[in-house]
Amino acid sequence: MSLLRFLSFLLLGGVAVALATQPVSVQAQLATSVSVIFLLALLWKFSRGAEARQLFIALALFVVLRYVYWRITSTLPPLSDPVGLTCGSILLAAELYCVAMLLLTLVVNAEPLKREPAPQIEDEALPTIDVLVPSYDENASILATTLAAAKSMDYPADRLNIFLLDDGGTDQKCAHPDPAIAERARARRAALQELCAALGCYYLTRERNEHAKAGNLNAALEHVSGDIVVVLDADHAPFRSFLRETIGYFFEDDRLFLVQTPHVFLNPDPIEQNLRTFRRMPSENEMFYGVTQRGLDKWNAAFFCGSAALLRRAALDEAGGFSGVSVTEDCETALELHAQGWTSVYVDKPLVAGLQPDTFASFIGQRVRWCQGMLQIFLLRNPLLKRGLEPLQRLGYLSSMSFWFFPFPRLVFMLAPLAFILFDVKIFVSNIEEAIAYTATYVVVNAMLQNYLFGKVRWPWVSELYEYCQGVFLTKAIVSVFLRPRSPAFNVTTKGLPQTQDRLSELAWPFFAIYGLLALGAGVAVYRCVAEPGVRQLMFFVGLWNMFNLVTAGVALGAVAERRRRETHPRLPVERRGALALGEEHVRVAIEEVSAGGCRLRAATDADAKALAAAKEMEGRLYIDSIADAARRPSLSARIVGVAPDGRRHIAFTLSQPQDHLALADLMYGDATALERFQAARRKHKGIIAGTVQFLWWGVIEPLRAFAYLRPRASETALREPPAFADLSNLLGRRQPRLRPPAEAAAPRAAERAPSSKNENA
């Protein structure tokens, strides 16, 4: 049946290509394209299901193929114009790259898979799990939150071991020639050993900082022996149900090596923060985790994303551990294991909450690492040449890697209209009628296709914004990888830095320069439209293209004009119950929003509201109705710091004991449906017209704000370096007894060595 289906698609594809390459008049082309747009609108409005989806894609592709055929055969400058032909060929190559990426995207996302829930397994049959939390320089509160949440997961305690892998306290760092660095490393090691002991976790470090995160994980594998390995980034806190929702898949497939869950973030990335879109627009990564990973999962090509994942230890041993040739060890490891015949599962359910970079500079640093790592794999482990991969697995990996070439076409599209406007270089041979019949309708159909497939997880034109913002800096990174594929180093992404003032990013100046150049082009285009009637029609069309680039560059100015962050701790809306004890008053409350710093709550009943209003004390304890154990009521020191007009109280927490972090984990990470609701609230479809209006509005107002930030402020202070490692005395009560990893968690090689502080719990 599958062969028949494949042959049918092949036949229909051949017919479509034959029709798409038929010469027709401009009027016929326009009528055909407009008819297709009308049919797409009808399908969008009235049809649902897989068949309608396939028909929508097929109709849209017909217009795309017509446009590509016309561009290749009819629009290149003649040989007599070598400058125009060269520039025009570069532009055509950039467009063909985009079309190729579109085709790969459609193959990958042809039938995104929605998996059934994992089977629930009896406790007696569950495997031993080692949770590995690699760390480098994250601050104490972030680590305490993640470790406490991991410790609080719903899983038999005797089969769950939590390990902090500290690369900031290695022997190499503790013996550093610089006394300040050595002292900081020793203080970090001692403090984290004590924190781990207090939380019932295990502390591991190693001799040298070699091979970055992959080396850290591989060093840990020498000391643990669980059946399943869970990897959590230091700022990725799991919800209580994480393991129960995922572990069952390993019982369905003996060759399953990976269960990956999405990365969901509680704080905005710098672009969301600066454009104020975090709580109303889907995050940039939701297109990948909400659609693309499900599409890859259909073809057994969903890959490891570095965190929020479970891996079978036997598979890692067969592969020799985590791969470390590139700086993206996650995708590289998955590629190796897929090639060896192992399988993967993607669970499209948010079960882990993480943190994003706070500044635009750290955001770009993160994306540079992702870009360089994926291109390293492309060059050194090319999926097209990798033995053992299935054809659609090859295409899936190829799509994920070749995506990172986008800075080059983005740069071409930004500069191409300026070549004609400023220098009269003919890069595109066409009249206005052809431009409307082919180019304009192609742009409309492409926008409809993108919005149809990804409208709930990506607003119109937001992809162009993110690619432009990154592309300004990624071009150099790409070139460096091609010159020296093994040279990129793993750079840790800085997170958790305060942003106390409105300011321009230190990376802002190229965006002002490009904006000025595009504004000059817009002025020249207007002048030439008025002064040169012979080029007016074409100049108008190219001027519109340049104007869209100017709008995009204007929105990007807003992205690098960094707003002060008012929230010290990311908040999560929850639906929890508890009791607030203030002196003699004990009031039942509904907790509506919580963070590591406090919560917002309201009285549960009218009687409770009266009692709360009558309370004279402002400090007390918040007792939480525990999800984990109804007989246990964890509590937190609570202080009322604000009262809203509707009577809701704003509460601040004092986290002075390790048990406070366990109580916070119960409150904030006890119910994963809170994260689902948080994510679903932002996944609202944004139509093309509404999205375009929004984008144009940003293009008008954001440059004004960015230029206003050019005036320096005397009080402005920007923290460039992470703060010194915090003293953990405020997190720890009396010193806790030492804990050592269980005997079965020590690898044979570790057992042969004499005990050392590197592998101790405290």
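Q: Which helix is Phe 46 found in?
A: In this predicted model, Phe 46 belongs to helix H2, which spans residues 26-46.

Q: And is Phe 46 buried or exposed?
A: Phe 46 is exposed: its relative accessible area is 64%, and the cut-off for calling a residue exposed is over 50%.

Q: OK, switching to Gly 396. Where's that one?
A: Gly 396 sits in helix H14, residues 391-402.

Q: Buried or exposed?
A: Gly 396 is buried, because its relative accessible area is 2% and the limit for buried is under 20%.

Q: What is Gly 396 in contact with, leaving aside neighbours within four places in sequence?
A: Val 108 and Leu 296 are in contact with Gly 396. There is also Leu 104, 292 residues away in sequence, with a C-alpha to C-alpha separation of 7.7 Å from Gly 396.

Q: What about the faces of E9, are they covered or open?
A: Both faces of E9 (residues 343-346) are covered. Thr 343 and Val 345 are buried on one side, and Ser 344 and Tyr 346 are buried on the other.

Q: How many bridges join E6 to E9?
A: Four, and strand E6 (residues 256-260) runs parallel to E9. Val 259 is the residue opposite Val 345 in that pairing. E6 is also joined to strand E8 (residues 309-312), antiparallel, through three bridges, with Leu 258 partnered by Leu 311.

Q: What about the closed barrel, how many strands?
A: Six, running E13-E14-E15-E18-E17-E16 with antiparallel pairing. Its neighbouring strands are turned by 45° against each other on average, direction ignored.

Q: How many bridges between E13 and E14?
A: Nine, linking residues 572-582 of E13 with residues 585-594 of E14 in the antiparallel sense. Leu 580 stands opposite Val 587.

Q: Which helix lies across E13 and E14?
A: Helix H21 (residues 658-669), which also lies across E16, E17 and E18 and runs at about 65° to E17.

How values were computed. Residues numbered from 1 in each chain as written. Predicted model: local features only at pLDDT ≥ 70, side-chain atom pairs only at ≥ 80, totals over all residues. Heavy atoms only, no water. Pairing = 2+ DSSP bridges. Helix = DSSP H or I, 4+ residues; strand = E, 2+ residues; numbered from the N terminus. Axes fitted to C-alpha atoms, helices over the stretch in contact; angles between N-to-C directions. Contact = heavy atoms within 4.5 Å. Buried < 20%, exposed > 50% of the residue type's maximum accessible area, 1.4 Å probe, protein only.
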